[in-house]
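I opened the model to look at a ligand site and one residue beside it. My notes follow.

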Amino acid sequence: MSHTPVRLLTIETTCDETAAAVVTDRLEVLSSVVASQEKLHEAYQGVVPEIAARAHMERILPVLEEALRQADLTWSEIDAVAVAHTPGLIGSLLVGLTAAKTIALVLGKPLIGINHLHAHIYACRMAAGIDVFPCVGLVVSGGHTHLYDCRSATDFRLLGGTIDDAAGEAFDKVASMLGLPFPGGPAISKLAAEGDPNAYRFPRAFLRDRDRIAFSFSGLKTAVRYAITGPGNKDVHAVALTRQEKADLAASFQEAVVDCLVAKAALALETAGRKRLCVGGGVAANPLLRKRLNEMTEEASIDLHIAPPHWCTDNAVMGAIAVEHYRAGAFSPLSLDVVSGLVRSTPER
Ligand code: KG4
Ligand code: ZN
C-alpha cells in the first residue's frame, strides 16, 4: 500500500552557505536552495565568522520560503525539520539551529539534528539512488579532512583525520599566496592544468606510514611559502611570480595533497575491510582527486562513489541523511545545542 511520503525540511548553515531543501522519506528531492556568501568573504580570502553569521540571519527566511515555494508546500505540510548542528562556525550554526527549533516548536513537528560531515557522505547515497552503506567515507572540505568507517548511515566511526589544516583550507591558503581568488580550490585546480606537477617536490606527510590514518597539510603549506619567498620571513605577497611559476606551484601542491588523500583512503579501506568508498565535501570536486581515486579503486576492485560536483560543496540535499534518523525514530530534543568542533580560519598574512 502506498503512503503519502513523509516530507522533511533540511537546513544547512554550518559555514558560508545558507541552504534549505525539502526531501521525502523516499529520498526524492522536492526542492533545493543554496545562497552562497562567496562574494562577501572574497576580500578576506577566507570565511569571516561574524560576517557569515550576519549573512545567514538575513538569508535564512527567504531561503526557507523559497525551498517551500519550489516544493509547492505550505509550512503545515512539513512532517519534520532537520538541521546540521555540528561541526561548523558557532554563529553560523546557531542561525540554522534557531530557525529549525522555532519551526519544530511552532508546527509541533519533530526536530532532527544531523552531523554536517556525515551529511557530506550521504550526498553519495543521494546521487547513487541505491544504498551505499557500509563503506569507507572520505570527507574533504574547507574545515575537515576525515576518514570514517561508515557501518551504516547512522553509525559512523572516525578512522582518522588531519592533525592541523584541512585539505580545502590548504587549497585556500596556497591560493591566497599565489594571488588567486577565493575560494582557492577551483582556482588552483584550473591553474594547475597548465603547470608541471613535478616542478617542485613538496612534502607528503605520513604518506608511507602504514600504521597511521592521518593527514597534515600545514608543513606542505609552509613548503609552498618557502618555495615562493626562499627562507626567511619575506612577505609572500610581495614576490612577483610569472603565470608559469604559479601554475607549476599550483600543480605540484595539488599533486602532493591528492597523493596523501588517495593513499590514506586506500589504507582506510584496507583497515576497515570495506570494498566501497564514498567521497564528499568541497575538495571532492577536484578533477585530479576524482581521477586518482578512480584509478586507485579500479585497481583494488573497490566500488567508488564521489558526490557530483554540485553536491560536493555545502548544500541541504545531503541533509536527507535525516531520513535515516526519522526512520529510526531518533529525534532530537528542543534543548539540542550547536557543537562547533574544528573551524576554518582566515589565512595568516
Ligand atoms: O564542503 P565545502 O563547501 O565547505 C565546508 O564544509 O568547508 O568545501 C569548501 C572547500 C573550500 O576550501 C574550497 O576551496 C574547496 O572546498 N574546493 C576545492 C575545489 N572546489 C572547492 N578544492 C580543490 N579543488 C576544487 N575543484
Ligand atoms: Zn561542508
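This is a predicted model: local features need pLDDT of at least 70, side-chain atom pairs count only at pLDDT 80 or more; totals for chains, interfaces and linings use all residues.

I checked which domains supply the shell: domain 1 (7-121 + 312-328) and domain 2 (132-308) both give residues, so ligand 1 lies between them.

**Shell**

I listed 22 residues around ligand 1, and Gly142, Asp172, Gly185, Gly282 and Asp314 come nearest. I sorted the shell by type: 13 residues are polar, six nonpolar and three charged.

**Polar atoms at the ligand**

I looked at oxygen atoms of ligand 1. One is 2.8 Å from a backbone N or O atom of Gly142. For Asp314, a polar backbone atom is 3.0 Å from a ligand oxygen. An N or O atom in the His116 side chain lies 3.3 Å from an oxygen of ligand 1. I then computed cover: ligand 1 has 560 Å² of accessible area on its own, and the protein covers 93% of it. By element, H4, helix H5 (167-177) and helix H6 (184-192) each give two or more residues to the shell. H6 gives the most, with four.

**His116**

Is His116 buried or exposed? I placed the residue first: His116 is found in helix H4, which spans residues 116-128. His116 counts as buried because its relative accessibility is 5%, and the cut-off for buried is under 20%. I found a polar contact of 2.8 Å between the side chains of His116 and Glu12. Beyond its neighbours within four places in sequence, His116 is in contact with Glu12, Thr14, Ala84, Thr86, Pro87, Asp314 and Met318.

How values were computed:
Residues are numbered from 1 along each chain as its sequence is written. Chains are lettered from A and ligands numbered from 1 in the order in which they are written. Side-chain values use heavy atoms; hydrogens and water are left out. Buried means under 20% relative accessible area, exposed over 50%, partly exposed in between (1.4 Å probe, protein chains only). A polar contact is a pair of N or O atoms within 3.5 Å; within protein, one must be able to donate a hydrogen and the other to accept it, and residues adjacent in sequence count only if both atoms are side-chain atoms. Contact means heavy atoms within 4.5 Å. A residue is near a molecule or strand if one of its heavy atoms lies within 4 Å of it. Accessible areas come from the Shrake-Rupley method with a 1.4 Å probe; for residues, only the protein chains shown count as cover. Ala, Val, Leu, Ile, Met, Phe, Trp, Tyr, Cys and Pro count as nonpolar, Asp, Glu, Lys and Arg as charged, and the others, Gly among them, as polar. Domain bounds come from an automatic or database domain assignment.
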